[in-house]
Amino acid sequence: MTAAALPRRGDRTLPRPIESAIEFLRLLSKRPSGLIGFIGIVFFLVLAFVAPIFVPNQVNPDVTALYETPSAQHLLGTDNSGRDVLNQIVQGGREIISVALVTAFLTTLIATLLGAVSALVGGKFDAVFVGIADIVLTVPPLIVLIVISALARPTNFFALAMVLSSLGWAGLMRQVRAQVLTLKERDYVEAARSLDLGLTHIVFREILPNMRSYIVIHFVLAMTGAIYAQVALIILGLVPFSGKNWALMLYFANTQGAFYFKDAFWFVFSPILAIVLLQLSLVLFVNALEDIFNPRLRSS
Amino acid sequence: MAATTPADAKMVAQQFPTTPRAGRARHILGYWRHPVAQAIFKAFLTVFVTTSITFFLIRLMPGNPIDIKIDELTKDGLMTYAEARSQAASLFSIDLDKPVLEQYLSFVGNLAHGNLGYSFVSQGTPVMGIVLAVLPWTLFSVGTGLLLSFSIGVFLGLFAAYNRNTKIDHILSLGGSIISAVPNYFIALLIVIVLGVELRWVPITQMRGATSPGIQPGFTPAFVGDVLFHAALPISVFFLSTLGHWILGMKSATINALEEDYVNAARARGLSDGRIMTAYVGRNAVLPLVTQLAITAGLAIGGSIIIEQYFVYQGVGLRLQAAVTQRDYPVMQGILLMVTLAVVLANLAADLLYSRLDPRIGRAGGATGT
């Protein structure tokens with residue numbers, strides 16, 4: 001039942017970062033799809049955060065080159081005002097991935113703390129927060145997000161991340177809680193309790209370090225959820241971003257009617273492909289992580 | 001957040017935590033601790049909390065829609081503040097002169113009577129009528145797509161688990177991962193730009209709307225065929241976007257079930273493999289997935305806001321999108337409440353179905369044996 005079953009090896013009681021990184025890559029290289037996912041993630045991180053430094057941001061429209069199909073000059077064609085699509089793809093990943101990272105961080109933080117504390121404190125506190133999580137899980141998330149965004153209009157990307165994580169924590173919180181409920185029966189937690197080491201010590205020193213793999217998996221999962229939701233909100237025009245951004249390209253494509261214009265195919269298809277490949281890399285990577293951390297499901 | 005992993009499938013196993021024995025008061029508390037009673041209570045609570053938060057957002061937040069509407073009405077100087085205030089109040093069915101608590105109670109009372117206020121844009125049209133005209137189309141397309149993907153996905157997942165580590169298993173598992181990584185609204189958009197515009201295989205313009213203009217509603221083959229023709233694209237999207245989830249979830253649940261003692265016991269008793277697969281393994285593996293149906297429905301309905309826009313299918317999503325652009329707050333509020341109600345009822349139905357399917361759940365006083 002435990003997704004957090006850690007690889008039990010004597011030499012990992014004191015993990016040295018480099019040693020465990022090599023071990024991790026060794027395990028990963030045995031899983032082709034996981035390796036592809038990992039390479040994909042690295043590729044998109046480089047594309048979004050490093051490539052823009054070297055590629056100048058093209059802002060000026062070019063009326064002589066509207067909706068051009070792919071050519072040697074414009075590898076992915078041009079958009080409705082003649083700007084290079086590939087240039088926008090390079091520039092447009094930063095915001096999406098930043099929001100996803102911040103949202104995943106906030107979601108994982110809220111969920112892990114609430115889940116761990118709920119399980120350890122128990123009683124009314126536990127019942128109340130499990131109840132809240134149940135309610136958050138039941139309401140259709142995107143509809144609530146749309147109504148909240150229409151009312152609150154998040155204007156910067158941190159506000160958007162806050163809105164997204166306010167609904168994303170519930171599922172993970174319940175799983176962390178269940179996980180901690182089993183962990184807290186372990187001897188070392190009992191020992192810490194009998195030494196009266198306090199809740200903070202037990203949560204941060206005893207429980208969470210033993211859930212590292214589990215938390216990493218859910219951090220990546222939270223990223224996929226955050227990308228899904230924020231792209232939806234931007235496509236609907238609910239987040240007044242102005243910079244370059246894959247989802248914003250699709251919003252403009254929609255308002256320009258480019259979906260139904262055959263020559264605009266690459267202008268519409270490129271951002272979709274970028275987002276789908278990013279999501280796919282994350283999912284393949286997380287599948288491999290689960291495989292590595294959970295020997296029961298290990299396929300070879 | 002789309003539950004796409006085996007770990008998520010396991011979460012549902014904890015949906016009904018083992019209830020501690022309640023000691024002397026057990027047979028009284030037994031009814032409260034009964035999962036069915038808890039499920040009904042949870043459904044009520046969810047609707048109540050959503051209603052309250054909606055009221056808070058609409059009425060008490062700074063810069064809330066009522067203030068915005070009053071500003072709008074007084075801006076051109078045709079209306080005094082008092083007039084504007086009373087009109088805004090009547091649009092939302094809220095009496096602004098009463099204390100907040102009474103406003104809240106009357107708001108809840110109105111909702112209980114099915115009065116969701118009036119649309120800003122189409123003056124004098126009750127929100128309830130607007131929502132009821134579009135909700136069935138979305139529930140129909142989401143429901144059909146989900147039931148199809150559930151039955152086929154569960155079958156494929158069972159099949160993959162029984163053929164573990166074969167080529168078919170790898171194709172199904174990888175295919176399931178890939179398709180569940182694609183956001184559902186992109187499946188819709190890809191159908192439009194690839195199959196509709198680029199290849200012209202699908203007549204997307206003729207398939208717009210919920211029905212063809214001028215067709216007579218009724219249980220005639222022509223009407224049913226027309227409804228299915230127009231719903232085909234949304235149904236395909238909901239089918240494809242949820243299929244991977246069921247394949248992966250069922251595969252991992254089946255693998256877990258195969259290791260259970262009762263399966264070994266059944267084998268030892270010499271039962272046929274087919275009987276073990278359907279009555280022992282399959283039945284137990286599918287149980288946790290049933291409770292996920294409602295949550296998945298909620299996710300699908302969320303995606304329908306964009307999906308219906310791309311297909312121009314007149315469901316609740318297209319209407320919500322219009323309400324958001326027109327800032328028609330009563331309609332937004334009404335859609336939010338009615339969709340939540342629909343999902344909560346679906347959840348309740350799934351919980352009740354679960355307790356029917358799993359005899360361990362049906363017993364009062366706990367012993368849910370997870």
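Biologist: What should I know about numbering and confidence before I look?
Modeller: Residues are numbered from 1 along each chain as its sequence is written, and chains are lettered from A and ligands numbered from 1 in the order in which they are written. The model is predicted, with local features needing pLDDT of at least 70 and side-chain atom pairs counting only at pLDDT 80 or more, while totals for chains, interfaces and linings use all residues.

Biologist: How many helices and strands does chain A have?
Modeller: Chain A has 12 helices and 0 strands. Helices (H or I, at least four residues) and strands (E, at least two) are DSSP runs, numbered from the N terminus.

Biologist: What share of chain A counts as buried?
Modeller: 48% of its 300 residues. Buried means 20 or more other C-beta atoms within 10 Å of the residue's own, exposed means 12 or fewer, and partly exposed is in between, with C-beta atoms placed from the backbone.

Biologist: How do α5 and α7 of chain A cross?
Modeller: The axes of α5(A) (residues 123-138) and α7(A) (residues 157-183) come within 8 Å and cross at roughly 125°. Axes are lines fitted to C-alpha atoms, for helices over the stretch in contact, and angles run from 0 to 180 degrees between N-to-C directions. The two helices are therefore oblique to each other. Angles under 35 degrees count as roughly parallel, over 145 as roughly antiparallel, 65 to 115 as roughly perpendicular and the rest as oblique.

Biologist: Which residues make that contact?
Modeller: From α5(A), V130(A), A133(A), V136(A) and L137(A); from α7(A), L167(A), A170(A), G171(A), M173(A) and R174(A). Contact means C-beta atoms, placed from the backbone, within 7 Å. By class, there are 7 nonpolar, 1 polar and 1 charged residues. Ala, Val, Leu, Ile, Met, Phe, Trp, Tyr, Cys and Pro count as nonpolar, Asp, Glu, Lys and Arg as charged, and the others, Gly among them, as polar.

Biologist: Switching to chain B, what angle do α11 and α12 make?
Modeller: Roughly 155°, with the axes of α11(B) (residues 261-268) and α12(B) (residues 273-311) within 10 Å. α11(B) and α12(B) are therefore roughly antiparallel.

Biologist: Which residues meet there?
Modeller: Y262(B), V263(B), A266(B) and R267(B) of α11(B) meet I276(B), Y280(B) and V281(B) of α12(B). They divide into 6 nonpolar, no polar and 1 charged.

Biologist: And where is E260(B)?
Modeller: E260(B) is in the loop between α10 (221-258) and α11 of chain B. E260(B) counts as partly exposed because it has 14 C-beta neighbours inside 10 Å. Its C-alpha atom is separated by 8.9 Å from that of V281(B), 21 residues apart along the chain.

Note on methods
Contact = placed C-beta atoms within 7 Å.
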